[in-house]
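Please keep the sequence and the structure at hand while reading.

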Amino acid sequence: DWIFRVPQVSLYLEMLVSEGLDVSLSGRPAPTLLPPCRDTPWKDLRCLLDLPSLMFLAPQLPDSYSAPWRLVFSTQLHGESFSRMVTGLTKCGPTLLLIRDTKGHIFGGFASHAWELRPKFQGDSRCFLFTVFPRLRVYTATGYNEHFMYLNQNQQTMPNGLGMGGQHGYFGLWLDSDFGRGHSRARPRCTTYGSPQLSEEEDFSLDSVEVWAVGKPPEPQEGEEGQGKKSILDMDLEVQAMMEMTGKTLHSQGLREPEEDQEQ
């Protein structure tokens, strides 16, 4: 009775039976254990999520976020660059941020819509924080405040970096714009998400970061289409990232035409 009163447990068991035994319990198309991943199958990727944790996290996303997952930033591919990470975070819709610290803890957060560079909190109650290792947990909004998402850069009067939950200087999850450092200060709990300390140590050092776009990409704004001729590598950074992650050579990487505005 308990199993079938918890929707996620019930769905998980149905997926196991339908996928493993090739049996449909309800007559409807069998659900898949993994979300679709654009450009390459999951088995060909090496990412911070193993299959069980991916199976756990995917159902936690709101129902409207069912688009194929797209890798838009990885320190393994793009290096330790806050600016490059910001490029992956913005203008690609909802994202899942994954972090591994140097102590081996894996954790992150879900952003319900595209990040914006501004010195104000943003987002809504669909955002959440989570841990993957050493334990799988999801921490949703408590309603105490609306400090869901924060992203700022190159400001002198406000903190520069990425934060989720809590408040300035005491975020539930914070990445400094200098990259390589962050904190998870939640004593005893993050006010926004009710999460404990996510990392092994309150102030942590980064080992790896990944950003996955998990929702439908936003429609291009009027006037954006056809603005100059760009390389396909610039127009679709997600495809570039997936090709690099699977070890495919980008033969045209060094054959770009110079842009007209690079005279400064």
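Which residue just after α5 takes a positive phi? The residue is Lys91, with a phi of about 65°. The model is a predicted one, and every value below was computed from it.

## Helix α5

Helix α5 is mostly covered, with 6 of its 8 residues buried. The buried positions are Phe82, Arg84, Met85, Val86, Gly88 and Leu89. In general, residues three or four places apart in an α-helix point the same way, because such a helix has 3.6 residues a turn.

## Nonpolar cores

The largest nonpolar core holds 32 residues, and the members that touch the most others are Met85, Ile99, Leu162 and Leu173. At least two residues of this core come from each of β1 (70-74), α5 (82-89), β2 (95-101), β3 (106-111), β7 (149-152), β8 (161-167), β9 (170-176) and β11 (203-213). Strand β11 supplies the largest share, 5 residues. Another core, of 19 residues, lies apart from this one; Leu61, Leu96, Phe110 and Phe130 are among its members.

Leaving aside residues up to four places away in sequence, Leu173 touches Leu97, Ile99, Phe107, Gly108, Gly109, Leu129, Leu162, Gly163, Met164, His183, Leu198 and Phe204.

His183 belongs to strand β10, which covers residues 181-183. Is His183 buried or exposed? With a relative accessible area of 5%, His183 falls under the 20% limit and therefore counts as buried. The side chain of His183 reaches the backbone nitrogen of Phe171 at a distance of 3.1 Å.

Phe171 is also in the contact list of His183, which, beyond residues up to four places away in sequence, consists of Gly169, Tyr170, Phe171, Gly172, Leu173, Trp174, Glu202, Asp203 and Phe204.

## Thr75 in helix α4

Thr75 is placed in helix α4, residues 75-78. Its relative accessibility is 16%, so Thr75 counts as buried. Without residues up to four places away in sequence, the contacts of Thr75 are Phe179, Asp207, Ser208 and Val209.

## Cysteines

Cys37 has a relative accessible area of 14% and is buried. Cys47, at 22% relative accessibility, counts as partly exposed.

## Overall figures

The protein has 7 helices and 11 strands. Of its 264 residues, 42% count as buried. Among contacts with a separation of 6 or more, 59% are between residues 24 or more positions apart. The accessible surface comes to about 14900 Å², and carbon and sulfur atoms account for 49% of that area.

Notes
Residues are numbered from 1 along each chain as its sequence is written. This is a predicted model: local features need pLDDT of at least 70, side-chain atom pairs count only at pLDDT 80 or more; totals for chains, interfaces and linings use all residues. Side-chain values use heavy atoms; hydrogens and water are left out. Helices (H or I, at least four residues) and strands (E, at least two) are DSSP runs, numbered from the N terminus. Buried means under 20% relative accessible area, exposed over 50%, partly exposed in between (1.4 Å probe, protein chains only). A polar contact is a pair of N or O atoms within 3.5 Å; within protein, one must be able to donate a hydrogen and the other to accept it, and residues adjacent in sequence count only if both atoms are side-chain atoms. Contact means heavy atoms within 4.5 Å. A nonpolar core is a set of buried Ala, Val, Leu, Ile, Met, Phe, Trp, Tyr and Cys residues joined through side-chain atoms within 4.5 Å. Accessible areas come from the Shrake-Rupley method with a 1.4 Å probe; for residues, only the protein chains shown count as cover.
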